[in-house]
Amino acid sequence: MSSTDRPEGISPTAVESAPGLWRIDLQRHDLSIPGREVIQTRVEFTPDSPPFKHFHPGEEIICVLQGTLEYRLEGQPPMVCNPGDALTVPYGVHHQARNVGDGVAVELATYVVEKGKPLLTKVE
């Protein structure tokens, strides 16, 4: 997708990582816990972005910054989060997020994960 195709409201430095899902990597550092690192990312969702089920090799701590997002975590009822709401996705739990608002929705995702493993594994 070219920069001229960037949806309105998406940050100019965001990179599309899936249809309608844009990411800005903010920081990545080793932790004092051997074999673990922290990765912090701003994730922007267009209203038409399709959800996809995935998991991470560690915990994901989320804070919604803008818009309305629905999260579905395996074994739990769906939860709708608005700006200022936070949740934690436990290690390895299959989950998905979906923009249920009208405009761009944004979350701050902080991952505490095993170093050297793929950050995200899609579940078919």
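I began with contacts, meaning heavy atoms within 4.5 Å. Residues 24 or more positions apart account for 65% of the chain's contacts with a separation of 6 or more.

Before going on I noted the ground rules. The model is predicted, so I kept in mind that local features need pLDDT of at least 70 and side-chain atom pairs count only at pLDDT 80 or more, while totals for chains, interfaces and linings use all residues. Residues are numbered from 1 along each chain as its sequence is written, and side-chain values use heavy atoms, with hydrogens and water left out.

**Entry: the whole chain**

I looked up the elements, which are DSSP runs numbered from the N terminus: helices (H or I, at least four residues) and strands (E, at least two). The chain has 0 helices and 11 strands. I then looked up the radius of gyration, taken over C-alpha atoms, and the globule rule, which is 2.2 Å times the number of residues to the power 0.38. The radius is 14 Å, close to the 14 Å that the rule gives for 124 residues, so the chain is as compact as a globular protein of that length. Along the principal axes, the C-alpha atoms fill a box of roughly 40 × 35 × 30 Å.

I checked burial next: buried means under 20% relative accessible area, exposed over 50%, and partly exposed in between, with a 1.4 Å probe and protein chains only. Of the 124 residues, 40% count as buried.

How many of the 10 residues of strand β3 are buried? I found 9 of the 10 (the strand is residues 36-45), so β3 is largely enclosed by the rest of the structure.

I then looked for its partners; two strands pair if DSSP finds at least two bridges between them. Strand β2 (residues 21-30) pairs with β3 in the antiparallel sense over 9 bridges. Asp30 has Glu37 of β3 as its bridge partner, and Arg23 has Val43 of β3. The two strands form a hairpin with 5 residues between them, and Gly35 in the turn has a positive phi of about 80°.

β3 also pairs with strand β10 (residues 105-114), antiparallel, over 10 bridges. Here I found Gln40 opposite Thr110 in β10.

**Entry: further along the pairings**

From β10 I moved to strand β5 (residues 58-66), which pairs with β10 in the antiparallel sense over 8 bridges. Glu60 stands opposite Tyr111 in β10. β5 also pairs with strand β8 (residues 86-89), again antiparallel, over 4 bridges. In β8, Val89 is the residue that Glu60 stands opposite.

Back at β2, I found 3 bridges joining it to strand β1 (residues 15-18), and these two run antiparallel. Ala18 has Leu21 of β2 as its bridge partner. β1 and β2 form a hairpin with 2 residues between them, and Gly20 in the turn has a positive phi of about 75°.

**Entry: Arg28**

Is Arg28 buried or exposed? Its relative accessibility is 52%, so Arg28 counts as exposed. Which residues does Arg28 touch, not counting those up to four places away in sequence? I listed Glu37, Val38 and Ile39. Last, I took the C-alpha to C-alpha distance from Arg28 to Pro118: they are 90 residues apart in sequence and 14 Å apart in space.
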